[in-house]
Amino acid sequence: MTLQEYDYARESPSKLAASCLLLALTMRNLGGWTPTLEYYSGYCSQDLHPLVKRLNFLFTYQPHDKLKAVHTKYSHRVFFEVAKTTPLDMLKLEEMLKS
């Protein structure tokens, strides 16, 4: 989804990928940012929090009237229907990131 949004072009691809991973881990309650992830990504959890919040906002308020190709593609079983995942409430996300 970020490929279609100009605001994310200025983010480094590694930081964007790390933030997406942290958001996915948080959404699925699979744990937080571990020391191993920090070591190999080069980012600590606090560095990623602002971008994670922006990504969740994008996921929550995605336009449904245009640019549907990505949503349609990732709604398929082959991609585990990740586009159908319910976004986190912003306050709940904030609370989960702090813990």
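Helix 1 contributes the most to the lining of the largest pocket, five residues. Helices here are DSSP runs (H or I, at least four residues), numbered from the N terminus. The model is predicted, so local features need pLDDT of at least 70 and side-chain atom pairs pLDDT 80 or more, while totals for chains, interfaces and linings use all residues. Residues are numbered from 1 along each chain as its sequence is written, and side-chain values use heavy atoms, without hydrogens or water.

The largest pocket has a volume of about 600 Å³. A pocket is an open set of points on a 1 Å grid over the protein atoms alone, where a 1.4 Å probe fits, with protein on both sides within 12 Å along at least five of seven lines; lining residues have an atom within 4 Å of a point. Volume is the space filled by probe spheres set on the points, which are joined across faces, edges and corners. Of 19 lining residues, Met1, Cys20, Leu23, Phe59 and Val82 are closest to the centre. Helix 1, helix 3 and helix 4 (69–73) each supply at least two lining residues.

Helix 1 also packs inward. Its buried residues (under 20% relative accessible area, 1.4 Å probe, protein chains only) include Leu16, Leu22 and Leu23. The buried residues of helix 1 pack against helix 2 (35–41), helix 3 and helix 5. Contact means heavy atoms within 4.5 Å. Leu48 touches Lys15, Ala18, Ser19, Leu22, Trp33 and Tyr43, not counting residues up to four places away in sequence. Just after helix 1, Asn29 takes a positive phi of about 50 degrees.

Note on methods. Buried means under 20% relative accessible area, exposed over 50%, partly exposed in between (1.4 Å probe, protein chains only).
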